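Biologist: Can you walk me through this one? I'd like to start with helix packing, then move to the sheet and the chain contact.

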Amino acid sequence: MPKADPDPERADPFILGEAHPGDLGVIIKVRTGDDRHRDGLTAAEIELRLLEFGFVEGARVEVLHEGPIGGDPIAVRVDGIRIALRRAEAMNVVLAPEAA
Amino acid sequence: MTSSRIDTVALVGNPNCGKTALFNALTGGRQKVANYAGVTVERKEGIATLPSGRRLRILDLPGTYSLRARSPDEAITRDAVLGRLADEPAPDVIVCVADATNLGLVLRLALELKTTGLPMVFVLNMIDIAERQGIDIDVEALSRELGAPVTATVATRKRGLETLLELAASQAEGMRASPPSGWREPSATEVRAAHRQARELMRAAVRPPSRPDTLTGRLDSVLLHPVGGVAILLGLLFLMFQAVFTWAAPAQDLIEAGFAALGVGAAAVLPDGWMTGLVVDGLIAGVGSVLVFLPQIVILFLFILLLEDSGYMARAAFLMDRIMGGAGLHGRAFIPLLSSFACAVPGIMSTRVIDSRKDRLTTILTAPLMTCSARIPVYTLIISALIPNRTVGGVLSLQGLVMFSLYAAAILSALLVAFLIRKVFWRGGSELFMMQLPDYKRPEPGNVLRNLAQKAWAFISRAGRIILPLMVLVWALSSWPAPPVGAQGPAIAYSAAGRLGHWLEPIFAPIGFSWEMVVALIPGMAAREVAVAALGAIYAVGGEEGALAGILSRQWTLASGLAFLAWYVFAPQCIATLAVVRRETGGWLWPAVMFGYMLGLAYAAAFLVFQASRALGFV
């Protein structure tokens with residue numbers, strides 16, 4: 001059961017693309033973002049790839065590390081598997097906070 | 001039961017699941033490595049023999065997370081499984097290889113593979129590690145829920161291989177000749193449903209680790225540290241290049257001495273005349289001057305293979321992604337570019353892991369700027385000839401520092417070129433960066449040695465097949481026509497090569513190249529390191545005694561030598577690279593672009609270095 005978090009904004013759902021090492025949550029939504037129209041990469045394609053790497057509703061995510069420049073990319077653990085991804089793509093993953 | 005044909009078993013799995021180790025264990029040395037027709041994806045197949053004497057053909061397919069292929073490598077896996085390849089009928093059995101410690105993603109892949117209708121065996125590889133972590137897998141429940149036989153193996157210890165082969169063989173008996181038809185690209189909804197099903201499977205059959213692996217987490221907190229991690233990466237690269245020079249030296253001395261003795265021996269046996277010149281100066285000296293770099297190439301590949309096998313390469317890509325991204329490169333381009341430090345040809349071929357065509361082309365175009373091992377012979381020769389052998393600050397060798405700066409110049413220019421390619425040829429962002437960070441593991445000595453032997457052999461056979469004939473050609477060109485009686489100066493000045501060098505000299509004069517240097521560039525087109533053998537031939541035929549470096553230190557000015565080094569940082573002198581770019585891009589356009597821009601950069605860099613050095617008084 002989630003405990004009350006001292007950080008008020010953490011009580012609300014948060015976006016993986018804005019999370020920091022130590023943040024924990026359960027995915028409540030993998031969004032179909034805006035089409036970026038680059039290299040033929042549609043929003044649907046990004047969603048599918050997130051899903052294929054295990055970013056799926058109900059998966060437990062822990063942010064482990066961030067990259068040396070601008071904190072990008074990030075390394076996360078998704079249901080026990082370590083995945084590296086850029087914040088731009090992680091913006092499509094919405095999490096409900098979970099106490100550590 | 002006897003079978004008139006050999007059944008084919010395709011190994012499919014996520015990247016880093018130990019699939020190739022399993023393939024090696026199953027097939028032993030009986031492997032065939034080739035390419036699929038029309039594409040340059042490596043095709044690895046081998047034969048496994050059951051205790052009954054029955055044989056199975058094993059196909060190792062590129063790792064993937066889904067049959068919905070995104071890169072040429074993954075497309076091969078999809079097409080091979082679905083029987084869409086012209087030269088490869090659909091497999092009789094799929095063996096879905098899972099890393100027993102990480103089942104989540106592969107279970108979803110297994111469910112997707114099942115929709116093809118092909119018989120399948122699910123194998124829990126690395127079961128020993130899972131057991132050590134206290135992961136409890138109910139094999140029967142998993143098999144029941146998955147609807148496929150499940151077995152466990154430890155590829156590196158050859159555990160469970162017979163059971164796996166027998167399961168695969170009996171599965172091949174069951175269904176026959178029903179072409180895979182059930183698969184189509186799943187929608188997001190279907191992928192979600194498959195994940196739910198995979199999670200149910202996990203819940204029913206797998207008890208999570210009671211002693212989870214903490215090593216990877218602890219190592220990552222150091223190796224992925226924003227400051228410490230980057231410092232360690234740079235330190236590793238620096239150590240790698242220092243090692244290439246210091247560790248290789250004793251072996252190189254031995255090879256050098258061996259070929260020198262061979263030359264003396266041959267000269268004593270052979271009659272005087274052109275025959276002796278051909279064998280001693282052309283063949284023996286030529287082959288020796290190239291093979292002497294084998295120890296360095298082996299050390300470089302050893303580092304790359306160890307980093308790959310241990311799981312560190314993915315971390316390097318993570319740390320480098322933003323820096324590479326700033327230059328318009330994908331984080332995954334780090335691995336092809338790092339491989340290009342050994343040789344651009346495997347580097348360019350490994351760009352197939354990059355999904356987007358534009359990202360891939362950018363990486364291909366910049367890969368030859370990475371300092372490949374074929375440049376090492378040229379660099380070491382010029383550096384040992386012209387740069388004093390002393391230390392700076394008591395610890396660093398000045399020669400090593402010059403070498404390091406040549407590598408640094410190459411890396412910086414590659415980033416700059418990638419950036420410009422992005423600006424000139426195409427705009428917009430780059431491809432997705434999403435990759436698994438595999439658990440760290442101790443590199444498997446057998447795998448590393450097998451790979452290392454393959455790389456070393458590729459270099460040796462290249463030295464034999466391409467470089468040797470060229471060196472004989474260079475020797476002939478620089479020996480004939482012979483000088484007229486009573487002529488002044490070295491004999492080579494009158495030869496065909498000398499005349500060509502003289503003829504081209506005015507073009508190269510502004511960058512400080514003498515005609516001998518120009519002559520060496522001509523065969524150096526075939527492969528960069530041939531220039532060393534060519535210089536050896538030119539100066540040996542020119543009638544001087546002593547080591548090549550000694551000759552160069554007397555004949556070349558420092559300014560010319562530095563210009564030659566600068567030329568070599570950029571020059572597109574490798575026919576093999578241009579050929580592989582043509583093959584990978586499907587036309588002559590991109591090889592032509594590559595040749596043009598690199599030649600331009602080489603001339604400009606050599607010009608700047610030569611003029612600046614002269615202005616500084618380096619003569």
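This is a predicted model: local features need pLDDT of at least 70, side-chain atom pairs count only at pLDDT 80 or more; totals for chains, interfaces and linings use all residues.

Modeller: H3 covers residues 104–114 of chain B and H7 covers residues 188–205 of chain B. They pack at an angle of about 120°, with axes 9 Å apart. H3(B) and H7(B) are therefore oblique to each other.

Biologist: What hand does the crossing of H3(B) and H7(B) have, left or right?

Modeller: The H3(B)/H7(B) crossing is right-handed.

Biologist: And which residues make the contact?

Modeller: H3(B) contributes B:Gly104, B:Leu107, B:Arg108, B:Leu111 and B:Glu112. From H7(B) come B:Ala194, B:His195, B:Gln197, B:Ala198, B:Leu201 and B:Met202.

Biologist: How does the contact of H3(B) with H7(B) split by class?

Modeller: Six residues are nonpolar, three are polar and two are charged.

Biologist: Now another pair. How do H17(B) and H24(B) pack?

Modeller: H17 is residues 375–386 of chain B, and H24 is residues 558–570 of chain B. Their angle is about 165° and their axes are 10 Å apart. Angles over 145 degrees count as roughly antiparallel, so H17(B) and H24(B) are roughly antiparallel to each other. Their crossing is left-handed.

Biologist: Which residues touch there?

Modeller: On H17(B), B:Arg375, B:Val378, B:Tyr379, B:Ile382, B:Ala385 and B:Leu386. On H24(B), B:Leu558, B:Gly561, B:Phe564, B:Leu565 and B:Tyr568. In the contact of H17(B) with H24(B), nine residues are nonpolar, one is polar and one is charged.

Biologist: Switching to chain A. How many helices and strands does chain A have?

Modeller: Two helices and six strands. From the N terminus, the elements of chain A go β-β-α-β-β-β-α-β.

Biologist: What share of chain A counts as buried?

Modeller: 42% of its 100 residues. As for contacts in chain A between residues at least 6 apart in sequence, 64% join residues at least 24 apart.

Biologist: What is the strand order in the open sheet?

Modeller: E1(A)-E6(A)-E2(A)-E3(A)-E4(A)-E5(A)-E12(B). That makes seven strands, with antiparallel pairing.

Biologist: Which are the edge strands?

Modeller: E1 (14–15) of chain A and E12 (434–436) of chain B. Each of these pairs on one side only.

Biologist: What joins E5(A) to E12(B)?

Modeller: Three bridges, with the strands running antiparallel. E5 spans residues 81–85 of chain A. A:Leu85 has B:Met434 of E12(B) as its bridge partner.

Biologist: And how many bridges join E3(A) to E4(A)?

Modeller: Six, again between antiparallel strands. E3 is residues 60–69 and E4 is residues 72–78 of chain A. Across that pair, A:Val61 stands opposite A:Val78 in E4(A).

Biologist: Back to the two chains. How many residues does each put into the contact?

Modeller: Chain B gives 31 and chain A gives 33.

Biologist: Which elements of chain B give two or more residues to that side?

Modeller: H3, H7, H9 (228–246), H13 (312–326) and E12 of chain B. H13(B) gives the most to the side that touches chain A, with five residues.

Biologist: And what is the class breakdown on the chain B side?

Modeller: The side of chain B that touches chain A has 15 nonpolar, nine polar and seven charged residues.

Biologist: So where do H3(B), H7(B) and E12(B) come up again?

Modeller: H3(B) and H7(B) pack against each other, and each also gives two or more residues to the side touching chain A.

Note on methods: Residues are numbered from 1 along each chain as its sequence is written. Chains are lettered from A and ligands numbered from 1 in the order in which they are written. Axes are lines fitted to C-alpha atoms, for helices over the stretch in contact, and angles run from 0 to 180 degrees between N-to-C directions. Helices (H or I, at least four residues) and strands (E, at least two) are DSSP runs, numbered from the N terminus. Angles under 35 degrees count as roughly parallel, over 145 as roughly antiparallel, 65 to 115 as roughly perpendicular and the rest as oblique. A crossing is left-handed if the near helix is turned anticlockwise from the far one by less than a right angle, and right-handed if clockwise. Two residues are in contact if their C-beta atoms, placed from the backbone, lie within 7 Å. Ala, Val, Leu, Ile, Met, Phe, Trp, Tyr, Cys and Pro count as nonpolar, Asp, Glu, Lys and Arg as charged, and the others, Gly among them, as polar. Two strands pair if DSSP finds at least two bridges between them. A residue is buried if 20 or more other C-beta atoms lie within 10 Å of its own, exposed if 12 or fewer, and partly exposed in between; C-beta atoms are placed from the backbone.
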